[in-house]
Amino acid sequence: MSLALSTQIINLLAAILLLIAFAMISQRRILSLINLFALQGFILTMSTGVVAYSTAQHHLYYSAGLTLLLKVLVLPWLLHRLIRKLKIKWDVETLINIPTTMLAGIVLVIFSFDLAAPISQLSDSVTRGLIGIALASVLLSLLMMLTRRKAVSQVVGFLSLENGLFFAATSATHGMPLVVELGIALDVLVATFIFGIFFFQIRETFDSLDISHMETLKDD
Amino acid sequence: MDHINLALGIIFQLCQSLLVVALAPLLTGWVGQCRAWLQNRTGPGLLQPYRTLHKLFLKDALLADNASPLFRVTPYILFGCMWLAAAIIPIIAIDLPFSQAADVIALVGVFALARVFIALAAMDIGTSFGSMGARREMLVSFLAEPALLMVFFASSLISHSTQLPHIVETFSHHAFVLYPSLAFASIAFLMILLAENARIPVDNPSTHLELTMIHEAMILEYSARHLALVEWAVSLKLFAYISIGIALFFPYGIAEVGNWGALPLAIVALLLKLTAAGAGLAGLETILAKMRIFRVPEFLGTAFLLAVLGLLIHFLLGA
């Protein structure tokens, strides 16, 4: 019964993760977007912790702690600092037709559930149903990167894509080796720093963080 | 024994129907009172809806010259539909004879019937406010209805039945299980409840002259006993929706099959749940701001999305 309950909790957390992915797609405010990203990290931490507890794999506790430190505290703090410095804290992004994007999101979810069904059959771990959800949240993050025009929200999309991958790793294979995880974590951290520098450069050149300006680069 | 059970069932069915009709204005009064408290006002008191109804029933009805018979019968049809809906929903006990009469899809149909008549009646007089309200109501409801059906399907998939008594029985018997699909469906249902009952993010129930009103614009031409019946039907609709929410997502405490002794306890449980739900609704209405009418499709699209996600997650996780 204890195992069943933990499976239920993981399923619920996975569902919330999917919900957050949709919320990110439809969120207009950049500040709320970053808060949603922090929440996503927190849900990820909890699900990793529950998987670690239910399968008694101690190294997963470390990766849960790493997730908490990096994705709930450090990265959102960095992003908050960035948007404060760029003075875009209260920026509202105009999005193209949210209902259409959401319908596209539903189609993506159905596609990825269908795609993941045969993969899930191969796995016999308690969490095999979750590969579909992880795949769906990766695809939804990609969709978000496609539909956004501001640089900051694209970066948040990229980071949440990494969250989806991480969730797939913990749910399907009970986590990657710690070395790999540390490497990815460092990558993400460094990437965020570099993105931060990029933001300033982009704004200095174009006086705006709108990526569509970059299309005119080749005309010069 | 069978006869006695049936007779008891019919008696309790009557009890439930009368109880619902009597309590519905009280619930509306409670929501209004809570809103007043939350806004630091004294409030008109719990019994204000009854006083309004009493006053309206005593007045002489005024009809426009060009009102057709449809305009006159609509309040009665509206009231009848809402009463019927409230009789179908298992509110105090599961094993009531009438609840077998229609399943959830028919229930949605009953609500749709009432909506068609109120919209037609609103356009009947030919005032601009009336037809504007009718068109907006149709915009809101054609988006809310599929979402409501999806919510019902999500819970039907778990209980393998579209009959409300079966659904409630499955949920109240089970040991505690976390259903992610139901969690999604409940949020979607809450959004539909707000939209369908003309509550605040979609429509403002306390306005009477505002360009953005939806429901009030439709009933602007009604007076006296017709208006009283419409107001009463609106209270019944809110009561019915909250009862559906309780039945689908929080049925614990309802009197189960053949257990008539649990009925007093079930009524107490129901009153407690309604009190909590009314206070929660008032709280929601206080913290939310009314949205622009062009945002309503987005709002209801989100409700639809949540309900569909619930369905999909049920298929994937089997829970």
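Which side chain meets Arg115(B) in a salt bridge at 2.9 Å, N to O, with Glu196(B) or another residue as its partner? The side chains of Arg115(B) and Glu196(B) make this salt bridge, a term that stands for a side-chain nitrogen of Lys or Arg within 4 Å of a carboxyl oxygen of Asp or Glu. The model is predicted, so local features need pLDDT of at least 70 and side-chain atom pairs count only at pLDDT 80 or more, while totals for chains, interfaces and linings use all residues. Residues are numbered from 1 along each chain as its sequence is written, chains are lettered from A and ligands numbered from 1 in the order in which they are written, and side-chain values use heavy atoms, with hydrogens and water left out.

- Arg115(B) sits in helix H4 of chain B and Glu196(B) in helix H7 (residues 180-196), so their pairing ties together parts 81 residues apart in sequence. Helices here are DSSP runs (H or I, at least four residues) and strands are runs of E (at least two), numbered from the N terminus.
- Both Arg115(B) and Glu196(B) are buried, where buried means under 20% relative accessible area, exposed over 50% and partly exposed in between (1.4 Å probe, protein chains only).
- Glu145(B) also forms a salt bridge with Arg115(B), with the closest N and O atoms 2.9 Å apart.
- Glu145(B) is partly exposed at 23% relative accessible area, whereas Arg115(B) is buried at 5%.
- A network of salt bridges links Arg115(B), Glu145(B), Glu196(B) and Lys237(B).

**Salt bridges overall, and one in chain A**

- Over all chains, the count comes to eight salt bridges.
- In one of them, the side chains of Glu162(A) and Lys71(A) meet at 2.9 Å, N to O.
- Glu162(A) belongs to helix H6 (residues 151-173) and Lys71(A) to helix H3 (residues 59-85) of chain A, so this pair joins parts that are 91 residues apart in sequence.
- Glu162(A) is buried at 10% relative accessible area, and Lys71(A) is buried at 6%.

**Where the chains meet**

- The contact (heavy atoms within 4.5 Å) takes 21 residues from chain A and 16 residues from chain B.
- About 1,800 Å² is buried between chain A and chain B, with 83% of it from carbon and sulfur atoms; this area is the accessible area (1.4 Å probe) that two parts lose on being put together, summed over both.
- One salt bridge crosses the interface: Arg28(A) and Glu298(B) meet through their side chains at 3.1 Å, N to O.
- Helices H1 (2-26), H4 (98-122) and H5 (130-147) of chain A each supply at least two residues of the side that touches chain B, and the largest share, nine residues, comes from H1(A).

**Chain A as a whole**

- Chain A has seven helices and zero strands.
- Its radius of gyration is 18 Å, close to the 17 Å that the globule rule gives for 220 residues, so chain A is as compact as a globular protein of that length. The radius is taken over C-alpha atoms, and the globule rule is 2.2 Å times the number of residues to the power 0.38.
- Along its principal axes, the C-alpha trace of chain A spans about 60 × 35 × 30 Å.
- Of the 220 residues in chain A, 50% are buried.
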